[in-house]
Every structure is written in C-alpha cells, then in structure tokens.
Amino acid sequence: MTSAFYIAIATFKEETRNKIFYLILFVLLGVIAFSGYLSVLSISDTAVAFGGFVLYFVKVVTVLGVLFSMTLGLYAERESKGYHLFILQLRYPFLYILGRFLGYNLLFDFVAAVSVMVVYVLEFTLFGVNLWGIWIYLLNTVLVFYMISGVALFFYTIFSTPIVSLLLCMATFFVGHLSVSFYFFVSHYPNVVVRWFLKVIYFLVPNLSIFSSEISVVHGAGNLLSFFSLFYALSYGSMMVVLASLIFYMWRDY
C-alpha cells in the first residue's frame, strides 16, 4: 500500500506541472465569469441564478477536464512504457492502478475544492449569501469523480486507444446524470430484445443523478447526501478499480 501512495503523490505532482492542469484552471475562471453574465440576464434572483449556473459548469469542467488529463496521461505512459519504472519497484503490479486512481482523485479533490471555495466567496461577497450546502455539493462532486475515474481505469485496461476510452467515459458521465429519463425511455421501448439490452446498460452505468445537488444548494435545501448515496458511490468506484486491477494484473506487457 505504501507503494500505491507513493505513485499517488507522484501522479499529483506530475499533473500539477502539466499544461492541461493550467488549461483546466483557465477554463474554470472563464465559466465562472460566464455564469456571472448569464445570471444578470436571468429573470430569476441573481444570486440563485449565478449559483445554479456556476455549480453546474464547475462540475462539468472539473470532472471532464481532469478525466481528459487522466486518460491522456495513462495512455501516453502506456505508449512510452513509462509505467515499467513503477512496476519494477512493485511487488504487486496491480498497485500501479490503485496508485494512479488515488493520485488522480487527489488532483480532482484539489481542483474541485479550489473552485468551490471561489464560488462560495463570490456568493458571499457579491450577494451576501452563505451557501452552507456548497460543501456537501463538493462531496457529491468528489463522489461522482470517484466513480467516473474508476470507470476510466476499467476502460483503460480493455481498450488500446484513448479516444474510445474517453468517449465512453464522457457518455457514462452524461447518461449517468440522465438515469431517470433513460430508464423511462428504456421501459417504453417497443422492441423486447433491445429493451432488455438497454436495461442491462442502465444497471451497469452509474446512477449519477442522485448526486445532482446544484438546485438544492442554491435554494438552501437540506438532506443533500444520504448514507445510501455515499455507500453506492464508494462501492461502485471501488468495484471498478478492483476489476481494472485484476485485468491489469493479467497483462503480460510489463
């Protein structure tokens, strides 16, 4: 386990020196400014509109941005055989997967925490609103990435090209947030064979809609995270990492 933590810290340091990391931060500043512009145009309360827009954009940019950096980094290291340097020092090769998983989650936690803190300060200073629920929103977002990064590692171990893996991860992210609509569509699909096939996909794709707390946060609602949601996210993400680790262990390319 010590080796996995070492890889995690190395991953965090590598990625914070990456140009993509600074690009993500630049885009985040852009979407925060754009959210402010949209809130002025909105017919609803400016503080509520700003909070709703910016929290949605922050989630999309942080999750997809770090996911993009993660996918490109993993495949670039596979192409250059760079992971051999880590594998040679590990007693159990699958710890490489665990280390990368922890490292990219640490990176995401840092980016998401900074973004949410900026939003909190802006809401408080510009509108005098104390969004206490934004910290539960941060935890929700962290759990979403925990699951998506596990899916990304799983795809990494079974697909040889980053484009396929990244597109499938993005599809998982958006379909997961539309789980209720997707299930309604599947339930009314006329073809029985296709309907059962889509139901299998529905149960395999993580249900991310239960972590969409943007509206609840800006309206000051409580109960933004249940014990079931927390257990579900940790179980799903961990299961994906275990599967990815087993597949990686069966590789004979290291």
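This is a predicted model: local features need pLDDT of at least 70, side-chain atom pairs count only at pLDDT 80 or more; totals for chains, interfaces and linings use all residues.

Which helix gives the largest share of the nonpolar patch? The answer is helix α7, residues 162-177, which contributes four residues. Helices here are DSSP runs of H or I with at least four residues, numbered from the N terminus.

Residues are numbered from 1 along each chain as its sequence is written, and side-chain values use heavy atoms, with hydrogens and water left out.

Let me return to the patch. Y56, I163, L167, M170 and F174 make a nonpolar surface patch of about 490 Å². Such a patch is made of residues with over 30% relative accessible area and no salt bridge, with nonpolar side chains (Val, Leu, Ile, Met, Phe, Trp, Tyr) joined within 5 Å. F174, which lies in helix α7, counts as partly exposed at 36% relative accessibility. Buried means under 20% relative accessible area, exposed means over 50%, and partly exposed lies in between, with a 1.4 Å probe and protein chains only.

I turn now to the salt bridges. How many does the structure hold? There are two, each defined by a side-chain nitrogen of Lys or Arg within 4 Å of a carboxyl oxygen of Asp or Glu.

In one of them, the side chains of R100 and E14 meet at 3.6 Å, N to O. R100 lies in helix α5 (residues 95-127) and E14 in helix α1, so this pair ties together parts that are 86 residues apart in sequence. R100 is buried, with a relative accessible area of 2%, whereas E14 is partly exposed at 34%.

E77 and R100 also meet through their side chains, at 2.6 Å, N to O. Because E77 lies in helix α3 (residues 46-80) and R100 in helix α5, the pair ties together parts 23 residues apart in sequence. E77 is buried, at 12% relative accessibility. Through shared partners, the salt bridges join E14, E77 and R100 into one network.

Finally, I come to helix α1. Its buried residues are A4, I7, A8, A10, T11, E15 and T16.

How values were computed
Patches are made of residues with over 30% relative accessible area and no salt bridge: like charges are joined within 9 Å, nonpolar side chains (Val, Leu, Ile, Met, Phe, Trp, Tyr) within 5 Å. Accessible areas come from the Shrake-Rupley method with a 1.4 Å probe; for residues, only the protein chains shown count as cover. Helices (H or I, at least four residues) and strands (E, at least two) are DSSP runs, numbered from the N terminus.
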